[in-house]
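User: I would like to learn how to read a protein model step by step. Could we go through one together?

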Amino acid sequence: GEKQVVCLETEKQQGVGKWKAGIEGVGPERCTLSKQLEETFSEEEKWKILMAVFATRAATTLRKHSGAMNMNMRWCQVSGYDPFPILEQKTWNYCSFLKESCAPATRADSFIKAARVTIQLLSMKASSWDTGSDRTPGSILQSLDTKRELVQTSPMSVKAVETIEDLIFHTSEPVGQRIIAGFVRFCIGARLRHSDAIPITT
């Protein structure tokens with residue numbers, strides 16, 4: 001309904017807000033989007049630009065990428081690097097550090113994905129080499145190879161699904177529980193994860 005749309009819009013604004021300070025920090029000489037914001041005096045107009053640029057990304061994705069970039073920026077500052085522009089040598093150094101320090105196996109991969117999105121959305125000058133030279137994917141693959149094999153949960157039984165369906169139409173049950181049951185049944189039928197289904201408004 002309308003309330004859900006409003007909540008999702010607020011969530012999106014919060015996600016974009018996490019990027020705003022970072023974009024201004026990158027500076028107009030290294031980032032076209034930062035230059036556009038600097039040349040825009042109205043705060044309302046700045047938000048209009050930001051929301052348009054980030055419109056194609058879900059709020060959860062924005063938060064994930066923002067987190068990965070913030071970790072990289074903190075490492076750069078401690079190591080005496082300027083995080084921007086994103087360059088191949090710095091990318092390699094960071095991914096090597098993550099591997100050698102036994103960081104979570106997916107952290108380097110998450111950073112590379114976040115860096116590519118950052119370059120694209122902020123209109124930064126960088127080449128595909130800066131986030132995808134021959135040595136970087138190899139280092140990431142070595143990290144991922146150490147990740148333990150995921151054990152998939154058993155599929156729900158027919159009886160369990162029927163129980164959920166019964167709850168949806170059981171008018172004596174609390175509305176909140178029925179809505180949750182409906183959401184779970186929708187995820188089962190559409191084969192969606194919780195995070196994929198949350199942004200759906202129609």
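User: Is Lys 35 buried, exposed or partly exposed, and what is its relative accessible area?

Analyst: Let's start with the terms: buried means under 20% relative accessible area, exposed means over 50%, and partly exposed is in between (1.4 Å probe, protein chains only). Lys 35 has a relative accessible area of 40%, so Lys 35 is partly exposed. Before we go on, please note that this is a predicted model, in which local features need pLDDT of at least 70, side-chain atom pairs count only at pLDDT 80 or more, and totals for chains, interfaces and linings use all residues. Residues are numbered from 1 along each chain as its sequence is written, and side-chain values use heavy atoms, with hydrogens and water left out.

User: Which residue forms a salt bridge with Lys 35?

Analyst: A salt bridge is a side-chain nitrogen of Lys or Arg within 4 Å of a carboxyl oxygen of Asp or Glu. Here the partner of Lys 35 is Glu 39, and their closest N and O atoms are 2.6 Å apart.

User: How many salt bridges does the structure hold?

Analyst: There are 8 salt bridges in the structure. One of them pairs Glu 43 with Lys 20, with 3.1 Å between the closest N and O atoms. That pair links distant parts of the chain, 23 residues apart: Glu 43 is in helix H3 (residues 43-53) and Lys 20 is in helix H1 (residues 2-26). A helix in this naming is a DSSP run (H or I, at least four residues), a strand is a run of E (at least two), and both are numbered from the N terminus.

User: Are Glu 43 and Lys 20 buried, exposed or partly exposed?

Analyst: Use the cut-offs from before. Glu 43 has 40% relative accessibility, so it counts as partly exposed. Lys 20 has 13%, so Lys 20 counts as buried.

User: Where do Asp 109 and Lys 113 lie?

Analyst: Both are in helix H6 (residues 107-121), 4 residues apart, which is about one turn of the helix. Asp 109 is partly exposed at 22% relative accessibility, and Lys 113 is partly exposed at 45%. Elsewhere, salt bridges that share partners join Glu 29, Arg 30 and Asp 82 into one network.

User: Which residues touch the most other members of the largest nonpolar core?

Analyst: A nonpolar core is a set of buried Ala, Val, Leu, Ile, Met, Phe, Trp, Tyr and Cys residues joined through side-chain atoms within 4.5 Å. The largest one has 33 residues, and Ile 23, Leu 33, Phe 54 and Leu 122 touch the most other members. At least two residues of this core come from each of H1, helix H2 (32-38), H3, helix H4 (59-79), helix H5 (88-100) and H6. The most come from H6, which gives 8 residues.

User: What is Leu 122 in contact with?

Analyst: Contact means heavy atoms within 4.5 Å. Leaving aside neighbours within four places in sequence, Leu 122 is in contact with residues including Trp 19, Ile 23, Cys 31, Leu 33 and Phe 54.

User: Is Thr 136 buried or exposed?

Analyst: Thr 136 is buried, with a relative accessible area of 1%. This residue lies in helix H8 (residues 135-145). Beyond neighbours within four places in sequence, the contacts of Thr 136 are Glu 88, Thr 91, Trp 92, Cys 95 and Ile 112.

User: How many helices and strands does the protein have?

Analyst: The protein has 11 helices and 0 strands. For the overall shape, look at the radius of gyration, taken over C-alpha atoms; the globule rule is 2.2 Å times the number of residues to the power 0.38. The protein's value is 21 Å, well over the 17 Å that the rule gives for 202 residues, so the protein is more spread out than a compact globule. Its C-alpha trace spans about 60 × 50 × 25 Å along the principal axes.

User: Where is confidence lowest, and where is it highest?

Analyst: Confidence here is pLDDT, the predictor's confidence in each residue, from 0 to 100. The mean is lowest in H1, at 73, and highest in H6, at 94. Over residues 2-6 the pLDDT is below 50. The protein averages 86, and 93% of the residues score at least 70.
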